[in-house]
Amino acid sequence: MQITRKISDDIVYVGVGDKRLARFENLFPLPSGVTYNSYLILDDKVALMDTADSDVTDQFIDNIETALEGRTIDYLVVHHMEPDHGANIKRLLDRYPQMKVVGNTKIETMIHQFFDVDLTDRMVIVKEGDSLPLGKHELTFVMAPMVHWPEVMVSYDKTTKTLFSADAFGTFGDLDGALFNDEVDFPEDYLDEARRYYANIVGKYGMQTQALLKKAAGLEIEMIAPLHGPVWRSNLEYFIDKYQTWSSYEPEEKGVLILVGSIYGHTHRAADKLAAALKEEGVSKVKMYDVSKTDVSYLISEIFKYSHVVLACATYNNGIFPKMADFIHDCQALCVQNRQVAIVENGSWAPASGKLIREELAKMKKMEVLEPQVTIKSSLKKEQEEELCQLAKVFAQSLKEGE
Ligand code: FEO
């Protein structure tokens, strides 16, 4: 059974949605699934843009076969070798013996790393600016190293003004029958998952993403066809602007993200008090999460969103509460930077989490610590309540700056 739709007269979407996978890369929860996008260009020559994850092979092959209507594939264009897109390369090489693979030299190397295949006379090596004529369509290749792996490239079809953008402009979440961004309520239903996808998957490579955005700015783009999530055919500036913000590590919104690592709830009470004091100060956006309850990928997404952060954290084994330590470690790995941060620590006999968090923040770029640092010993007392109110005033003032 074919489940395909066209993105233009002769380009068919042959990708597959997957709601069954629990965690992307066996790490990131997928409450609403993910799509593995692939596109078939049916021109004088037939080009398939990437394959799909092994979990969806049967449906993927069905989609291709139906869309081909008896034709065969001339070129498999490989933009990215991560197995969520490359898993079926060998299967397709076996199935379509005349098919050639189009990719750069790093892609060729990785194909050999992942598969035992003979690519003699079957590899078309391309580099920056090379073109592949298909008939009406002509693909031009643009290298995009480290968005998200070193071999990544994107391609541009000047006939339809489409950028096949690989992982860039991707989104977590299945599409429930939709294909285009204007068929869903993107800001309401997909933006958070798009940010979580960007921040956790590509977030480390802001500079490289900026480089790709610069190259893309030189192209006349009317459609963006990524490897996950909806195809963008309208309001492209909206999503490109989000990518500009995220990849430059600028906050998307002014607001306070409070992250709590609390063992018995006393540190949580201090965070509650601070949140209430922030509201008293007129701060409109305050979001609080318990780091033990919420998967770290959501917390990473939120720190990419908000300008100000509070880390309220118990001391544990003379160190940082483990779930908070995990979060900070992920922030460092993903190059999170340029945020205003406050620290609330707790410890019953030797509070140490504050000092240790401060040391970790010092290893990151442009993480400004707002004072005072508040120390709780076991439970919240009047004196610290006053310090928390003072901290709320500092935050409110800092949020106003630059308005
Ligand atoms: Fe969707 Fe980096 O793979």
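**Note on the pockets, cavities, sheet and cysteines of a predicted model**

1. The largest pocket is lined by 17 residues, and those nearest its centre are Ile 263, Thr 315, Gly 347, Ser 348 and Trp 349. A pocket here is an open set of points on a 1 Å grid over the protein atoms alone, with protein on both sides within 12 Å along at least five of seven lines, and a lining residue has an atom within 4 Å of a point. The structure is a predicted model, in which local features need pLDDT of at least 70 and side-chain atom pairs count only at pLDDT 80 or more, while totals for chains, interfaces and linings use all residues. Residues are numbered from 1 along each chain as its sequence is written, and side-chain values use heavy atoms, with hydrogens and water left out.

2. The space in the largest pocket comes to about 350 Å³; a volume is the space filled by probe spheres set on the grid points, which are joined across faces, edges and corners. Strand 19 (306–316) and helix 8 (266–280) each contribute at least two residues to the lining of this pocket, and strand 19 has the largest share, with three residues. Helices (H or I, at least four residues) and strands (E, at least two) are DSSP runs, numbered from the N terminus. The lining of the largest pocket holds eleven polar, six nonpolar and no charged residues. In this classification Ala, Val, Leu, Ile, Met, Phe, Trp, Tyr, Cys and Pro are nonpolar, Asp, Glu, Lys and Arg are charged, and the others, Gly among them, are polar.

3. How many cavities of 30 Å³ or more are there? The count is two, a cavity being a set of points where a 1.4 Å probe fits but cannot get out. The largest cavity has a volume of about 60 Å³, and its lining has ten nonpolar, no polar and no charged residues. Among them are Ile 303, Val 309, Phe 327, Cys 331 and Met 367. Strand 19 and helix 10 (322–333) are the elements that give two or more residues to this lining; helix 10 gives the most, with three residues.

4. The second largest cavity has a volume of about 40 Å³. Its lining divides into seven nonpolar residues, two polar and one charged, and includes Tyr 39, Asp 50, His 79 and Phe 164. Phe 164 belongs to strand 15 (residues 162–164). With 2% relative accessibility, Phe 164 is buried, a term that means under 20% relative accessible area, whereas exposed means over 50% and partly exposed lies in between (1.4 Å probe, protein chains only).

5. Five strands form an open sheet of mixed pairing, in the order 12-13-14-15-16. Its edge strands, strand 12 (131–133) and strand 16 (223–225), each pair on one side only; two strands pair if DSSP finds at least two bridges between them. Strand 12 and strand 13 (residues 138–143) run antiparallel and are joined by three bridges. In one of these, Ser 131 has Thr 140 of strand 13 as its bridge partner.

6. A disulfide is a covalent bond between the sulfur atoms of two cysteines. The search, which takes a pair of cysteine sulfur atoms within 2.5 Å as a disulfide, finds zero in the whole structure. For Cys 335, the nearest cysteine sulfur is that of Cys 331, 11 Å away. Cys 335 is partly exposed at a relative accessible area of 29%, and Cys 389 is likewise partly exposed, at 30%.
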